[in-house]
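Subject: Structure for your files

Hello,

Here is the structure I said I would pass on. My notes on it follow below.

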Amino acid sequence: MLYLEPEPMSDQQMEYLKQIRIDSESRIPKYRQIVNSIIEDIERGVLPIGQRIPSINEISEEYYLSRDTVEKAYNYLKEKQIIVSAKGKGYYIARTVLPSKINVLFLLNKLSSYKLRIFNSFVNSMGNNAKVDLNIYHCDPKILLNILNENMGRYDHYVVMPHFKDDNLLHHSHNTEVLEALRKIPEDKLLIMDNPLPELKRNVASVFQDFKMDIYEALKEGHERLKRYKKIILVYPRKTMYPYPQEILQGFQNFCTDFNFDFEVLDEIYHDMELRPRDVYITIEEADLVSLVRQVRDKKLTLGEDIGIISYNDTPLKDLLGITVISTDFQVMGETAAYMILKKKKEEVKNVFSFINRNSV
């Protein structure tokens, strides 16, 4: 059997061998660094079609890598038909690389109708040139850290909603480990969504709610209607699997104090509530809203006259049922985040939040 020695490298090929970009300190897998380096050089015109590239052994020896690592990179490039091999001669660039899709890792703290509306709006606004992967970390910082560690360097952009719970099921926006992990993401690749994170102290894009001032200003917007009621009752779940920002409670209390409203805070709507005329309730969780509406109807009270109800976060069903809401615009939030990524903006944008009056107050 005749064995052909690979053609010796030219001076140009020898020079290129030393230009392959491999960072031994990076957490990006070495094989992926080889792939990225070659693809980037094809896109920049450094490696034209037909250009021979260094062999597996040459890269392995030059960069002290295992042969398996380099072979894995070349197999990937061959599967994508970016390079071809000629037996006994080496590897060659087979084609130019079309502009790749924007790869986005989208990290939600929980799976809810509101969060999915943001995600769907974001995906639709990104268009066909983006591939968006969704991960849910269930408000658990350890799960988030694992996801980030496994995917560091694999995406063009990372969208993170920083809502966490501690051992007492209290809401937090961050901890030291989360901040350190987020700081490893380049500023132009990170977008903070929904919950502001000034503690990060980095110049990154952000689309957020101001939970304390949002509820304050929204209730202020509905002040004339609220004056018809004697007492405002906020149903704020203090300990739940997915805790809510404590700023919501603070903003509510500040509003009631500033505008001289009698108020009370409950953990939940009980099945046998003492419903009194001229009370208005603000519910956050869907189960509390359903239970309250059912009890109002069972006791033959008139919603919007005897008892008022305001729900936190809007949905199409609440619109259909005529439930007054205080809510951010989830569709706009997703659209804004997509726009900032597509236009390479690094701004801090407070999302719109408003009082939407219907028939329940």
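In this predicted model, the contact between two helices involves P141, L144, L145 and L148 of α6, which meet E177, V178, A181 and L182 of α7. By class, seven of the residues in this contact are nonpolar, none is polar and one is charged. Helix α6 covers residues 141-151 and helix α7 residues 176-183; their axes lie 10 Å apart, at an angle of about 20°. Angles under 35 degrees count as roughly parallel, and α6 and α7 are therefore roughly parallel to each other. Their crossing is left-handed.

Two residues have backbone angles to check. H138, in the loop between β5 (130-136) and α6, has a positive phi of about 55° although it is not a glycine. Its relative accessibility is 35%, so H138 counts as partly exposed. L169 sits in the loop between β7 (164-165) and β8 (171-172). Its phi is also positive, near 60°, and L169 is not a glycine either. The relative accessible area of L169 is 28%, which makes it partly exposed.

Then the core. The largest nonpolar core has 27 residues, and those touching the most other members are L219, I232, F252, I310 and I326. Two or more residues each come from α8 (211-221), β11 (231-235), α10 (246-258), β13 (279-283), β14 (307-312) and β17 (353-356). Leaving aside residues up to four places away in sequence, I310 touches, among others, L219, L226, V280, I282, V325, I326, F355 and V361. Its contacts also include Y281, T283 and T324.

Regards

Methods:
Residues are numbered from 1 along each chain as its sequence is written. This is a predicted model: local features need pLDDT of at least 70, side-chain atom pairs count only at pLDDT 80 or more; totals for chains, interfaces and linings use all residues. Side-chain values use heavy atoms; hydrogens and water are left out. A nonpolar core is a set of buried Ala, Val, Leu, Ile, Met, Phe, Trp, Tyr and Cys residues joined through side-chain atoms within 4.5 Å. Buried means under 20% relative accessible area, exposed over 50%, partly exposed in between (1.4 Å probe, protein chains only). Helices (H or I, at least four residues) and strands (E, at least two) are DSSP runs, numbered from the N terminus. Contact means heavy atoms within 4.5 Å. Axes are lines fitted to C-alpha atoms, for helices over the stretch in contact, and angles run from 0 to 180 degrees between N-to-C directions. Angles under 35 degrees count as roughly parallel, over 145 as roughly antiparallel, 65 to 115 as roughly perpendicular and the rest as oblique. A crossing is left-handed if the near helix is turned anticlockwise from the far one by less than a right angle, and right-handed if clockwise. Ala, Val, Leu, Ile, Met, Phe, Trp, Tyr, Cys and Pro count as nonpolar, Asp, Glu, Lys and Arg as charged, and the others, Gly among them, as polar.
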